[in-house]
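This briefing covers one residue and one ligand site. Look at the structure below, then read the points by topic.

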Amino acid sequence: MEGKGNMRKIFISPSILTADFARLEQECKSLEKCGADWIHCDVMDGNFVPNITFGMPLVKSIRKCVVLPLDVHLMIARPERYVEQFAEAGANLITIHAEATDKVADCLKLIRACGKKAGISIKPNTPVEVLEQYRGLFDMILIMSVEPGFGGQAFIESSVDKIRRAKELFPDVLVEVDGGINKNTAKKVIDAGVDVIVAGSAIMNVSDRSTAIAELRKI
Ligand code: DX5
Ligand code: ZN
């Protein structure tokens, strides 16, 4: 399945954005059983993005249900206000947006000071080069391949080049992609060098989640 001598591991991080929150424990356990590597938690504040989802208490509840690493994507303004609380809630990796604060470097340092991996995300119109100034302060780059805020949107094709560029400029950090990933777009981002794939609808909205996850991982 991994094919053609390519030993690269692709991590799959299903987004629970479209999960049934009334059955969150079963939903998260199902993802764990179906081969997910991480669980992607989309935190939205109705300010940095137009949508509102959930906060620290829900992350804390998920932490109790599964052993998988929690990949917490903060789509909130001035995330430095909440980093410690998400760390305490059980996040393993905390990703902030480069556009969300004027204290990006301090916020990345704070994430690491809490003993967590630090991620930095950019929206579709933000060039990868803006991350140069934060070199050495993050463990992962998250390339948004849709405008953040909602699941189920179409993949923005120019994200493929941004992934390639991110791997060129920062070969030692993980590159994650989020938005509009399905079997077809997964192939393109894997070819471009992506390490971690976030997928919401392509996993949550199908009955056979094991197959959906395995298919996204195919190299
Ligand atoms: C969008 C979120 C994504 C979203 C992905 O702002 O960050 O994680 O849930 O959903 P799909 O895979 O449906 O585009
Ligand atoms: Zn996300």
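Not counting residues up to four places away in sequence, Asp195 touches Lys9, Ile10, Phe11, Lys167, Val173, Leu174 and Val175, where contact means heavy atoms within 4.5 Å. The model is predicted: local features need pLDDT of at least 70, side-chain atom pairs count only at pLDDT 80 or more, and totals for chains, interfaces and linings use all residues. Residues are numbered from 1 along each chain as its sequence is written, chains are lettered from A and ligands numbered from 1 in the order in which they are written, and side-chain values use heavy atoms, with hydrogens and water left out.

**Asp195**

- Asp195 counts as buried because its relative accessibility is 10% (buried means under 20% relative accessible area, with a 1.4 Å probe and protein chains only).
- The side chains of Asp195 and Lys167 form a polar contact of 2.8 Å (a pair of N or O atoms within 3.5 Å; within protein, one must be able to donate a hydrogen and the other to accept it, and residues adjacent in sequence count only if both atoms are side-chain atoms).
- A polar atom of the Asp195 side chain also lies 2.8 Å from the backbone nitrogen of Val175.

**Ligand 1**

- An oxygen atom of ligand 1 is 2.7 Å from an N or O atom in the side chain of Asp42.
- For Ser201, a polar side-chain atom lies 2.3 Å from an oxygen atom of ligand 1.
- A polar backbone atom of Gly152 is 2.8 Å from an oxygen atom of ligand 1.

Conventions:
Buried means under 20% relative accessible area, exposed over 50%, partly exposed in between (1.4 Å probe, protein chains only).
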